[in-house]
Amino acid sequence: MKWTSFGRGLLAAAVCGLLSLNVWAKPHAAGAGGSQAYEAQLPAGLETATDMCALLPCKDVFPGATSFSERKGQPPYVEALGGPKGKDVLGYVMLSTDITDTPAYSGKPVVTLIGMDKEGKFVGVKVLKHSEPILLLGIPESALLKFNDQYLGRSVKDTIEVGQSRPEDGVIGVDAISGATVTVVAQNQVIMTSGAAVARQVGIIKPIVRKPVEYVQPKPDAPLPDWDTLVKQGAVQKLVVQPQQVGLDRTGSPFIELWFGSLNSPIIGPAILGKSTWEYLHSELKEGENAIFIIRTDGKESFKGSGFVRGGIYDRIQVHQDGDSFTFRDTDVRNLYSLAAKGAPQYSESGIFIIRSRAFSAAYPWKLSFLSNKIDRNTGSKVFTSFESEYWTPAQYMVGGRPEVHRPDPSWLKIWKAKWWQLIIFGLMLTTIAVVYAYRETLTRMSSRKNKWPVNGFKYPFWAIFVVWVGFGLLAQPSVTQVLTWFHSILFKWEWTLFLSDPFLFLFWIFIFITVFVFGRGLFCGWACPFGSLQEGLHVIGEKIGLKKYQFLLPPKWHHKLKWVKYGVFFVLLVVSLFSMVDAEKLAEVEPFKTTFLVGITNRPWPYGAFVLVILGLAVFTERPYCKYICPLGASLAMPSTFRWFGLKRKPDCNKCKACAKDCGSLAINEDGQIDHRECLHCLDCLILYTDANACPPLAKERKVRERAGVKMTPIGKDGYFIPIVPTDLTPAQQPVKGVDPRWPSTRVHPRVETLTGPRRLWGELLDHLWPFTRESWKANHLLVAVAAALGVGTTLVWILAAQGSASPINVIGAWFGWSVLEVLVRLQGKRYVKDGVWWGKTYRQANIMDMLAYVGFKNLLIGAAFFWILTQMGMFAF
C-alpha cells in the first residue's frame, strides 16, 4: 500500500482545494454561509435625509404601521403611524448609527434598523449593513438575524445581556452566536443603547434626575485663573480630530481642533468671558439652564455645519450625559466675540451654547461630541461617526467636590462577571497543565517504555477535557485569525476590549504566549489544542482497536519537505491580511477549527466537512497530519519556539543511538539526535527513554555490564547516565563529544559578544541586534551587503517620511519587510547564530535558515511596533 504517496497527494489537494475555494468564494443565499448585508451599499444622503423611511424599509421593523413621520428629535427617530385615520402614533423606528457607532469585531458598526412600540417593546430588528468577515464565511448571516429575533417582545426597560439569565440580579440573558461573541456583544449594546436613547425622549423611560450643581463662590479680590491654569485644572478641555481619522490624507494640521468648557461657574465663567460679559450671560439664563463655550483653534472644518441654516439645528455638535443627548437650535446660541483669560489662543470659529434641559447637570461628567462623515478607504463609502471628549467640572469649583458617580461596567466586564466560575476553573486547568508539564522529568522517571501511564495518566484526560469542554463546550479553539489580529493590533492600534470580550480565548492566549517562550509550542499543540488533541485521541483509539499495523509515519525525506507547507500557508495569510483582513479570513478556512467546533460539519457546505473528515481519517493512521504539515497556527507558534527557555534533555550518545528518533511521532529528531523544538509536540516519549535503564541503549549497555560484574546499580543522574560508583573528574556527559553534539538543536558557537561582561555586554548585545553587517559578510558577498546597506538607508528614509506624514503604513511595512529579508541573508553570511535558552544567558548556537527567519522576524516586529506606537502617539498615523 502506497501510504506515503496517498497521504502526500491528499494533503496537497486538500490545502490547494481549501485555499482556492475561499479565494473564489462568492456570497450566496443567507443561511448557506452567504451574505445579503455584508458591506451593503446604503442609500446616498441617508445621514441627512428628513424622510428616512423613504430610503429604508421601515415597515420591515414595524409592520403594523401605515406611514412614517419625518426624522425628529435628537438623536433622530421617526414615528410609526397608523390607526383608523392613519395618524395615531404606534411606536418608533430608529437607525442605530444615528445614535451610536459602537464597533463590532471588524472595527465598524453593524448598521441596524430598530422598531419599538409605545410601551418600549422591540417589534422589529433588521441588519442593513455589516462588515463582519466571520458572518461572510463559516457562520451564516442568518445566525445574526436569529440573534436579533431574541429581542422581539422584550422591553427597552429590561436589563438584557449576552449570556445566561440572572433573575436574582434582574438580568435577562440572550444566547450568543458560537464563534462571534464580540460581534453579538456589540450588537446587544447597539440595540439597547438606541432603544434607550429614543425611549428617554418620548417618555417611555423616565428622564434621569441629576442633582444640580452648587458652585463655589469667588473670594473677594482673588485673581481669576488664566488659560493655562484652567487647562491644567481640567476646566477647559480639547477635542482634536486628525484627517486620518476621517479617512483623509494627513495634511500636517488637524481636521478640526476644538476647545470647550462650562461657563456657569462664577469663577470659570468670568475667567473665560470677563466679568461683565459673564454677568450679562448669567442674567439671561433661566433656572436649570447651562451655558458652554466652544472655539475652533485649528482646522478648516466648521463645528457649526450647515444644518442650522436649513432647519435651525446645529448638526455637527451634541452634548451627551450618560444615555441623554442634548442638541442645539439657533435660539440656543449666543455669539462669543472674545476670550478674557490671559494666554487664551486665537480662534476662527466660536459660540456660546445653552443647554436648556433640566435633565442636564454640570455636577456630573458630560461629553462634547463632534459628528462627521468618515471615508472608508477600502470601499470609498462614507459612514457617519462621532468623536468625543469628556468634561467634568473640577472639584475645587463645586461645593462639596464632585459627587460620587457610578459608571456602568463595560460589556466585556459583564461577560467576565457572568462566567466567573467557569473562568476560574479554566484558569486553574491551564495552570495545572503548566505545572504538570514543569514536573515532566519527575513523571518521565516514574515511567518506562512499557509503562507510560505516569505521563499519559495526565495527558489523556487533558486531551479529553480540551476536546469536549474547551472545544465543543466553550468554543475556545485558538485560531490563526487571532494571531493576525494580534499582529495588526501590535502594529497599528491596540484595543484591549477587542480581546477581553472573549474571556476564555483571552486566558488561553495568555497561557500560549507564556508557555511558548518558556517551553516551546509543544505544550499547547501537543497537550492543550482541542483539534490537535482530537487528532491524537483518534490515533490512540485506532491503535487500541487493532489498526496499529496500518499506522505509519511519512519517510523523513518527505516529512522534511512537507513540514514547510504550514509556514507557507501562514506567510500567505499574513501578507494577505496586510491588504485585506476579509480575504485573510476567507483563506483562514484552511483551518478546520471553525467547521469542527464553532459551526459544525452538518451546518457547512460539503467541501468544508469533507476537509475535516479527511484530516481526522488520516489522523487515525498517522499522527497529527494537520498539525505537522498544514496548520498555520502551529507555524506561527513554532517561530517564537526558537527562543524557548527550556528544551528537552539529550545526552552525547544520542548522536549515534537512533532509539528516540525511531519512536518520535512528530519526526522532530534528526539523524544526529538533535531535537527541532519548532516541530516537537512534547509527547515526552524521548524523555521517558532518557532514564529508562531497560530501553535506552547506552543505559541498558552499562546496566548489563554492571549486572555481569556484580556491581551495584546507582541512580541515574540529571545528565541521563548512571552516577559513577567512583567519582571522576569528568562525568560521561562532560566527556568530549564525538561528532555532532545532540544536546543542542544545532552546533554551539562562541561569538565575541559571549565574552563581554557588564555594561559592555549590554551595549554589545544591543549592537548585535541592530547591526547585522560584519567583515565576514562583506567578504562573502559584496553585492548582497551593498544592496542591504542601500535598502537599510532607504528604509530609514521611509520611516522619516512616515514621521513627517508623507508615507502610509503599508509603505513602511513594505520597506521594513524588504529590509528584514535582506537582513536575514546578510546575517547568514556573517552573524549566523542565535541565542539558545533564557534570553539573559550566554549560550549561542549556529542558526539555520528557519532560526534566522524567526529571529529577524520577531525582533523586527517588536522594533516596528515600537516605531508605529511612537508615530501614532505623535499623531502621524491614525487608524
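A: Start with the hairpin. β2 and β3 form it, with 5 residues between them. Glycine 83 sits in the turn and has a positive phi of about 90 degrees. Helices (H or I, at least four residues) and strands (E, at least two) are DSSP runs, numbered from the N terminus.

The model is predicted, so local features need pLDDT of at least 70 and side-chain atom pairs count only at pLDDT 80 or more, while totals for chains, interfaces and linings use all residues. Residues are numbered from 1 along each chain as its sequence is written, and side-chain values use heavy atoms, with hydrogens and water left out.

Now the pairing. Two strands pair if DSSP finds at least two bridges between them. β2 covers residues 78-82 and β3 residues 88-95; they pair in the antiparallel sense over 5 bridges. Glycine 82 has aspartate 88 of β3 as its bridge partner. β3 also pairs with β4 (residues 111-117), antiparallel, over 5 bridges. There, glycine 91 is bridged to aspartate 117 of β4. β4 in turn pairs with β5 in the antiparallel sense, over 6 bridges. Leucine 113 finds its bridge partner in lysine 126 of β5.

Put together, 5 strands make an open, antiparallel sheet in the order β1-β2-β3-β4-β5. β1 (67-68) and β5 (122-129) are the edges: each has a single partner strand, so one side of each lacks a neighbour in the sheet.

A further sheet is also open and antiparallel: 3 strands, in the order β17-β19-β18. Its edges are β17 (748-749) and β18, each with a single partner strand, so one side of each has no neighbour in the sheet. β17 and β19 pair over 2 bridges, antiparallel. Arginine 748 has arginine 845 of β19 as bridge partner. The charged end of arginine 748 also sits over the ring of tryptophan 744, 5.0 Å from its centre. A charge counts as over a ring if NZ of Lys or CZ of Arg is within 6 Å of the ring centre and within 35 degrees of the ring normal.

The loop between β18 (833-835) and β19 (844-846) holds tryptophan 839; its partner tryptophan 645 lies in the loop between α23 (632-638) and α24 (659-663), so the pair ties together parts 194 residues apart in sequence. The two rings form an edge-to-face pair: 5.7 Å centre to centre, 90 degrees between the planes. Rings of Phe, Tyr and Trp (its six-membered ring) pair if their centres lie within 6.5 Å; planes under 30 degrees apart are stacked, over 60 edge-to-face, the rest tilted. Tryptophan 645 is partly exposed at 26% relative accessibility, and tryptophan 839 is partly exposed at 42%. Buried means under 20% relative accessible area, exposed over 50%, partly exposed in between (1.4 Å probe, protein chains only).

Next, two helices. α30 (residues 809-830) and α31 (residues 849-873) pack at about 145 degrees, with axes 10 Å apart. Axes are lines fitted to C-alpha atoms, for helices over the stretch in contact; angles run from 0 to 180 degrees between N-to-C directions. Contact means heavy atoms within 4.5 Å. Residues making it include Trp816 and Trp819 of α30, and Tyr855 and Phe868 of α31.
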